[in-house]
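Colleague: I am new to this model and would like a close look at one helix. Please set it in the whole first, then show me a few other places for contrast.

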Amino acid sequence: MGIDRISRSTDTDHIETLPAAITRAYFDTENVSPGDEINIIIETENVSDNSEVSITVFAEDDPENVQPDTLSGQISSNRLRIAYTPLNGETDEEALKEHLGPDLFRIFRFSAVIESLEAEYESSDNAMQIGLPGVVIEGIDEQFAPHQEQLEIRYRFIDIHHTIQGTRLKIYASNYEDSNYPDDGALVYSEDIVADDRPHNVIRTFRWYGNTTAESGPLQQPGEDLIYANPLYAPYTVEITISTENEDPDSDSNAKINYKRIMEDESEADWQFKVEYDSIEFELGEHIDLENAPDPQSTAWIQWRLNELGYPAGPVDGTSGDMTERAIKNFQRAHWQVPWPEDEDADRTPLVVDGQAGDNTIAVLESEQVERRELFSSLDDLFDSDANVKLYTWSHIFYQYQSDVEDGEQEWDNSNRDEFWDSRFSPRSFPRHDKEEMVLNRPWIPIVAKVMIKSRSGEPVFCPHGAGNVRINFSINDPNEDLDITSSDASSTPRQFVDNARQEVDTATGDNCPEDHEGVRVSDESENYKKYMHVGDALEPWETQDDSSNNVVYVECPTQGRGRGQAGIYFIPSYQAGDNFKIRAEMDLTDHPNQENIEPEDGPLTSESAAITNWRKMKVAAFLRFGTRAAPGEDEPSLEARIRSGLDEYSNAFTEFESPVFNESIEEFVSEEEYKNLVCDEYNLTTAEERATVHYRPDTCFYAFDLREQNDGETARAYRSFVRSAVEEFCDRIMEPMGKIAVNNVRKRCREGNVTIDFQPHEPVTVYNNKGAATETVVDNNYRASTYAIGLNNGLVYLDIVLNERLNMDFAYLLAHEIGHNAFLYHWENTSTGTMSDASNYEDPSNFRTNTDHHDHNDMNCIMSYPLDFFVFPSPPAGLTLNGTAINSRGDYVNYVRGQGATHQRFHQLAVNYRPNFCGKCLLKLRGWNVYNLPQSY
């Protein structure tokens, strides 16, 4: 490089001019220790001696705190050697740090100029390094989830002269108490960095899973199960120490350290990171440790298996008690023996309902074909605080049965058939809620609150090893009931009654069924908070403890073994339908010395479940038919829709009917032989000729005989009376024993639920006026006598097709009424058993049929009433007149009501306008309340 020329003469005629240049310029050593002198060498070509050379030495990145040095010298024999002491020979460590900056070393270069010749050379191929032995931390992650991911610490060693002998990375927690570090916080982790991992000026990454090496305190390693850093002691500080004299960086008093973080204002700060709580998430837990499940067929295994299949058996404690026995019975009612036939429609022999887990029951429990009863309508939404989820109680109709019948035959029990048949027992002697206590268990539902840690990316991650021994408080909130389910009309009578009843206990505690009415809720808030949660160690490995001062129960998350990073409780809801709950978990850092660094600014971490509402599940086991309800031009699916409509009435009481509803001929469950034998036995028909008069007509009618035609001279009224009497006598004799056959056969296939038999009493006959006379006329060529509809508490319902059609009453309400009897609902107001007479003394059988405590006296529109012209006519109120004439007869009163139409309070009870509802007491009774101590009206 250069433009100067030197002329050389070889003869007088020719002169050669050679270029002058700096051929090389360099430091005579690459690495310099502070205070040492080096030489700068410049080699030239064709440069005159004594040519002046200007040299500028500068830092490669030209930092502001390092000023360039200027030197000068003269060329001699095309060479210049000049001494140079970098940084003015500074050796003080602190001053050097200031000169060298946060990198602890500088790379220097120089440029040389021969000014007279305008020749310049820059040392681009040669540099000098000067620095202190040390380490620079380039960066660390802000937070991470220990054990689940690695914390990355990026560092760079400055070891120009290879003087570093030992290196140690250390992580401290200033909020951690360790007896070995009483002043500066605890060293929770340290690890030596080997020589291969510390090349000079190369960025390396140290990755740490968060396991500790603490020598004492809660982060001390206990042995086999590693302990990891957690948020309780955050933030954590990282430093790296080095040693230039021996292998132990901690023992070298002259260790060179530069782990500090240089801030924008050039101040120093510790390099720190957090292990940070992000949130609390719920999930359904397990009743047991599945990795150490109990031995098959043991009591504990049976309890676990029943719970898993949706038959609440309580905690898995290996002790068989009432809850276990009830759960076994409920399972036995729903299942059949194994081996199961491959044909799903094949008849199966039911398990004997005895509450004992015998070989057959165990075999079914072990079968993979067993269907699970889901507790919740949606597991996906269960822990969405904005969602609503149903918690199901399988409260199937059929409470009364004999459990010791051979071969699983389920006979109905006639000992207590309540108002319809027998007055030996009062309603209060064995009411519905008492029956429920015999068959229903409050479910024990394991709920686990998982402590979520903020990951490196800022997303929540379940990090059980990094959660620490944090306390989680649990409480159960009782949200306001959705009264629109009862009725969307806020002024409706049923809704008003239900609303008043649910507020009988102090509304501050919620609106679930009170203890006085067989529920769980109590008015004492100091006790109510733990009514729905188990306090104790039933759900391993957690122990739920009572904090009565704050009205919560709490669990401390274990730091070792199963369950770490989680807090588990048993949630024990009631089984009264309509009761609702929200499970709430809150992290409690009260009085924790590091609370300020752990807890978010907006308060403790909390989580809340969906609004969980108890719903009951019922079932129609079979809808059987003698004949059809299909009207001309109407097909059977319309009947299915009407059945559904009737069952939907129960949704007002938080009750669903399972699908599907069987809709089959009676032949499926009562054979021709069974039917004929029954009729012959009841009518004492023994000869072949007599037995031949009995007909089985499942496609047309219930009546087994051929009705005679109307006799000559017999009036239409007399013939109708004959038909009605003959058919009613037949029903009186046959209904109960045939129902027993049908129910017992249905129970072999589906033991739970209602059995409805829909029937046409007899085939149509023709009725005449003046029969046999010349003036004979047809009065009715399709006459069918109606009988009655009836519902029994063994789950059987008979529905008379004609009864419904004659009165033009909506089939749905008739069906709901009779199934109501299956569910132990009693008649009301304008029925022969629902009069308003004295009901104060329930021990007096004469008052048995009054039923007044079962109903809201302000609601005359209950489904459990009859329409006004449904054979039972009420007496007119005293003083009622029409056009000045007193109305005294029941017939006149019905005509009066018809005439008044909708303006009369009982207009809705006319069959043609029958649009009833369940009264408030019926709704609460269906939900599982004891309604007898509720007022007769509000």
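Modeller: Contact here means heavy atoms within 4.5 Å. Of the contacts in the protein with a separation of 6 or more, 68% are between residues 24 or more positions apart. The model is predicted, so local features need pLDDT of at least 70 and side-chain atom pairs count only at pLDDT 80 or more, while totals for chains, interfaces and linings use all residues. Residues are numbered from 1 along each chain as its sequence is written, and side-chain values use heavy atoms, with hydrogens and water left out.

Next, the overall layout. The protein has 17 helices and 41 strands. These are DSSP runs, numbered from the N terminus: helices are H or I with at least four residues, strands are E with at least two. Of the 938 residues, 54% count as buried. Buried means under 20% relative accessible area, exposed over 50%, and partly exposed in between, with a 1.4 Å probe and protein chains only.

Now the helix you asked for. Take α1, residues 93-100. Ala95, Leu96 and Leu100 are its buried residues. Seen down the axis of α1, they fall within an arc of 125°, so they line one face of the helix. The arc is that of the directions from the helix axis to the C-beta atoms. An α-helix has 3.6 residues a turn, so residues three or four places apart point the same way. What does the buried side of α1 pack against? Its buried residues meet β9 (105-114) and β11 (128-131). On the other side of α1, Glu94 and Glu98 are exposed.

Look at the two ends of α1. At the start, a side-chain oxygen of Asp92 comes to within 3.3 Å of the backbone nitrogen of Glu94. That is a polar contact: a pair of N or O atoms within 3.5 Å, where within protein one must be able to donate a hydrogen and the other to accept it, and residues adjacent in sequence count only if both atoms are side-chain atoms. After α1 comes Gly101, with a positive phi near 80°.

Ser492 caps the N-terminal end of α7, with a side-chain oxygen 3.3 Å from the backbone nitrogen of Arg495.

Helices also pack on each other. α11 (672-683) and α13 (716-747) pack at an angle of about 140°, with their axes 10 Å apart. Axes are lines fitted to C-alpha atoms, for helices over the stretch in contact, and angles run from 0 to 180 degrees between N-to-C directions. Residues of α11 in this contact include Tyr675, Leu678 and Glu682, and those of α13 include Phe730, Arg733 and Ile741.

Last, two strand residues. Ser607 sits in β30 (606-608). It is buried, at 12% relative accessible area. Its side chain reaches the backbone oxygen of Ile280 at 3.1 Å. Leaving aside neighbours within four places in sequence, Ser607 is in contact with Ile280, Phe282, Ile583, Arg584 and Ala585. Val620 lies in β32 (620-626). At 2% relative accessibility, Val620 is buried too.
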